[in-house]
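This note is intended for a colleague who is meeting the structure for the first time. Please read the points below with the model open.

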Amino acid sequence: MTASLDSILQSLQQSLSHEDPSQAKAQIQKAKIALLQHNALIPSQQTPVPTLATARSILEAGALLSIRSRDPESFVRYYSQLQPFYDFPGLQQKPSQNRSKITGLYLLLLLSQGDYAGFHTLLETLIVAEGSNDVSSVEEDQFIRYPIELERSLMEGSYDQVWRKTNGRDVPGEEFALFSDILIDTIRREIASCAARSYPSLPIASAKNLLFLDSEGAVMDFAHEQGWSLEDGRIQFPGLEDAKKAEEGDQKEVIHHMVGYARELEMIV
């Protein structure tokens with residue numbers, strides 16, 4: 001029974017190593033059907049431990065395939081499916097080689113989504129599981145340390161450090177690049193929003209460094225996406241002018257209501 005699952009897992013891993021996502025996707029669908037037939041989609045005492053260990057590896061391969069396919073939603077589903085396997089008592093003697101990698105990727109996903117509450121809840125769970133009261137106990141693992149260090153830099157407002165960490169040797173694996181890109185894009189848009197509220201305009205050359213973009217052409221493309229205008233080598237932000245107009249409109253509306261209220265009082269008197 002397990003042999004057929006093992007062969008499916010081997011084929012799936014080969015497709016992943018050869019970077020053949022279309023073939024891997026077809027095999028993961030075949031693998032899910034096989035898991036259902038082997039009663040191995042959810043761990044239970046009735047299913048042999050070797051079968052459950054293979055099922056866990058298949059789901060982990062599916063999670064990594066989701067990352068390489070740039071499909072965060074699918075990754076979250078695989079992460080949720082894997083948790084009962086990671087906690088199943090019968091599998092504790094055969095710990096997963098990829099658990100910390102999958103967990104680190106999920107931490108990075110939470111960070112890229114701005115879910116700091118979820119990030120710290122999971123981190124506390126990991127610390128408790130280690131039987132410690134200190135985050136340093138889980139930072140020894142490179143896959144867990146990476147999102148922790150990114151979160152610290154974010155909390156300090158050190159966006160340049162985040163940029164360097166996501167583009168240097170600190171990145172622990174190719175799968176982490178997807179969520180790192182999403183995180184940088186989130187930071188870029190936050191900085192852009194602050195800049196648009198703070199300045200009437202900004203030189204394109206300055207915006208390139210401020211927004212962590214590779215070229216002035218990339219700045220111009222980003223400006224067009226945001227609906228900003230470009231004049232004489234500068235980005236013109238409409239934010240301040242629009243906010244002023246909105247404020248003036250609100251003031252006129254308040255005055256209009258006050259005049260109407262005064263007229264009603266006059267009629268009553």
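Which residues line the largest cavity?

1. The model is predicted, so to speak of local features a pLDDT of at least 70 is needed and side-chain atom pairs count only at pLDDT 80 or more, while totals for chains, interfaces and linings use all residues. Residues are numbered from 1 along each chain as its sequence is written, and side-chain values use heavy atoms, with hydrogens and water left out.

2. The largest cavity is lined by Ala192, Ala195, Leu202, Ala207, Leu210, Leu211, Trp228, Ile235 and Phe237. On a 1 Å grid over the protein atoms alone, a cavity is a set of points where a 1.4 Å probe fits but cannot get out, and a lining residue has an atom within 4 Å of a point. The space in this cavity is about 30 Å³, a volume being the space filled by probe spheres set on the points, with grid points joined across faces, edges and corners. One cavity of 30 Å³ or more is found in a search of the whole structure.

3. The lining of the largest cavity consists of nine nonpolar residues, with no polar and no charged ones. Here Ala, Val, Leu, Ile, Met, Phe, Trp, Tyr, Cys and Pro count as nonpolar, Asp, Glu, Lys and Arg as charged, and the others, Gly among them, as polar. H9 and helix H10 (204-210) each contribute at least two residues to this lining; helices are DSSP runs (H or I, at least four residues) numbered from the N terminus.

4. The second largest pocket holds about 170 Å³ of space. A pocket is an open set of points with protein on both sides within 12 Å along at least five of seven lines. Its lining includes Trp163, Thr166, Asp181, Arg188 and Phe212, and by class it has six nonpolar, three polar and three charged residues. H9 (176-198) and H8 (159-166) each supply at least two of the lining residues, and H9 gives the most, with five.

5. H8 and H9 pack with their axes 10 Å apart, at an angle of about 155 degrees. Axes are lines fitted to C-alpha atoms over the stretch in contact, and angles run from 0 to 180 degrees between N-to-C directions. H8 is therefore roughly antiparallel to H9, given that angles over 145 degrees count as roughly antiparallel, those under 35 as roughly parallel, 65 to 115 as roughly perpendicular and the rest as oblique.

6. The axes of H5 and H9 come within 9 Å and cross at roughly 15 degrees, which means that H5 is roughly parallel to H9. H5 passes H9 in a left-handed crossing (the near helix is turned anticlockwise from the far one by less than a right angle; clockwise would be right-handed).

7. The largest pocket contains about 600 Å³ of space. Of its 24 lining residues, Arg99, Ser100, Thr103, Leu126 and Glu130 lie nearest the centre. The lining comprises 10 nonpolar, seven polar and seven charged residues. H4 (72-87), H5 (99-112) and H6 (116-129) each supply at least two lining residues, the largest share, five residues, coming from H4. Domain 1 (1-84) and domain 2 (98-198) each provide at least three, with the bounds taken from an automatic or database domain assignment.
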